[in-house]
Amino acid sequence: MINTRSLYFALLLTCFVHYTSGQHAICNSLEGYDTKALISAVQWQVKTDYACLGNPAADCTYYISFCQTAENCFHQYSACQNSTGASNMTIIGAYSTTIFHENESGPKGFYAVFPQGPRQNVSNTTICEPSLKIKFTCNLKTQWLVPVGDVTALAPEPDDVDVDDACLTTLTFDYPGACYQGKEPEKGMSGGAVFLLILFSVAVAYFLIGMAYNGFVKHKSGVNLIPQASFWIGLPIHIIEGFRTTLGVCTGSSTTTGTSYESV
């Protein structure tokens with residue numbers, strides 16, 4: 001006779017496995033990146049204040065499921081949108097289990113590309129096959145909270161929304177799983193900082209080489225060791241005079257400085 005308690009435990013275990021497996025879609029993975037949160041929710045809801053396909057000025061609500069069909073997309077497609085005042089849902093992404101791709105260039109990260117949706121009217125003047133691309137950038141502070149059960153999850157607000165003439169909608173999000181191996185990339189020096197570093201290095205080399213030349217070759221000493229000493233000593237005076245002249249022109253008061261000449 002089968003033990004009732006063991007049978008009950010086995011039934012609970014089966015239900016648990018079925019429940020948890022239903023929370024994770026079958027999807028392609030990327031080495032070094034974490035997509036678990038994205039595929040764990042049955043669907044994500046995204047709200048924007050603009051850039052809705054077919055009506056760029058309208059508020060837009062997106063429903064997106066990664067590697068599974070979305071409930072609000074008729075259980076047939078993975079991405080759809082609804083703009084303010086629209087009576088119909090617009091399909092912008094079909095279902096696929098291979099949607100994630102690593103960035104080919106630029107900073108590390110990944111993106112998701114959904115297959116084109118069916119040919120449809122997206123506005124009174126446009127008929128096309130819409131598609132969706134989602135870019136994910138590294139940010140460990142951003143939270144994507146996955147609710148328990150078959151509940152729509154609320155995604156953070158996208159950093160950027162773009163809709164092109166080919167009916168491609170591109171959303172850009174901060175996402176902690178886009179940080180390669182869970183680490184934020186080290187930020188390099190900006191172009192301006194590199195320029196200033198090069199300029200400072202050249203200036204230091206100019207003075208050191210010039211002083212060495214004046215000292216060992218021309219046998220100069222003191223202030224005369226400085227290359228082009230008269231120019232550098234007089235430079236602050238020239239700058240002050242330039243400011244005074246500019247200020248005089250701007251205020252309409254002309255002041256004569258420097259060398260004066262006698263009238264003939």
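Colleague: Which residues gather in a patch of negative charge on the surface?
Modeller: A word on the model before we look: it is predicted, so local features need pLDDT of at least 70 and side-chain atom pairs count only at pLDDT 80 or more, while totals for chains, interfaces and linings use all residues. Patches are made of residues with over 30% relative accessible area and no salt bridge, with like charges joined within 9 Å and nonpolar side chains (Val, Leu, Ile, Met, Phe, Trp, Tyr) within 5 Å. Asp and Glu count as negative, Lys and Arg as positive, and His and the chain ends are not counted; each charge is placed at CG of Asp, CD of Glu, NZ of Lys or CZ of Arg. On the surface, the negative patch is made by Asp49, Asp59, Glu157, Asp159, Asp160, Asp162, Asp164 and Asp165.

Colleague: Which residues make the nonpolar surface patch of about 250 Å²?
Modeller: Areas like this one come from the Shrake-Rupley method with a 1.4 Å probe, and for residues only the protein chains shown count as cover. One member, Val202, sits in helix α3 (residues 191-216) and is exposed, at 52% relative accessibility. The patch is made by Val194, Ile198 and Val202.

Colleague: How many disulfides are there, and what pattern do they follow?
Modeller: A disulfide is a covalent bond between the sulfur atoms of two cysteines. Here a pair counts when its sulfur atoms are within 2.5 Å, and that rule gives five disulfides. With bonded cysteines counted along the chain, the pattern is 1-4, 2-3, 5-6, 7-9, 8-10.

Colleague: How far apart in sequence are the parts tied together by Cys27 and Cys67?
Modeller: These two cysteines form a disulfide with their sulfur atoms 1.7 Å apart. Cys27 lies in the loop between α1 (4-21) and α2 (36-40), and Cys67 in the loop between β2 (60-64) and β3 (79-83), so the bond links parts that are 40 residues apart.

Colleague: Are Cys27 and Cys67 buried, exposed or partly exposed?
Modeller: Cys27 has a relative accessible area of 22%, so Cys27 is partly exposed. Cys67 has a relative accessible area of 3%, so Cys67 is buried.

Colleague: Which handedness does the disulfide of Cys52 and Cys60 have, right-handed or left-handed?
Modeller: The sulfur atoms of Cys52 and Cys60 are 2.1 Å apart, and both cysteines are buried. The torsion about their S-S bond is about 50°, so this disulfide is right-handed.

Colleague: And for Cys73 and Cys80, is the disulfide right-handed or left-handed?
Modeller: This disulfide has an S to S distance of 2.1 Å, and Cys73 and Cys80 are both buried. Their S-S torsion is about -85°, so the disulfide is left-handed.

Colleague: What is the phi of Ala51?
Modeller: Ala51 lies in the loop between β1 (44-48) and β2, where at 11% relative accessibility Ala51 counts as buried. Although Ala51 is not a glycine, its phi is positive, at about 60°.

Colleague: Is His75 buried or exposed?
Modeller: His75 is found in the loop between β2 and β3, and its phi is near 60°, a positive value in a residue other than glycine. The relative accessible area of His75 is 53%, so His75 is exposed.

Colleague: Which side chains meet in a salt bridge?
Modeller: A salt bridge is a side-chain nitrogen of Lys or Arg within 4 Å of a carboxyl oxygen of Asp or Glu, and the structure holds one. At 3.7 Å, N to O, the pair is Glu241 and Arg244.

Technical notes:
Residues are numbered from 1 along each chain as its sequence is written. Side-chain values use heavy atoms; hydrogens and water are left out. Helices (H or I, at least four residues) and strands (E, at least two) are DSSP runs, numbered from the N terminus. Buried means under 20% relative accessible area, exposed over 50%, partly exposed in between (1.4 Å probe, protein chains only).
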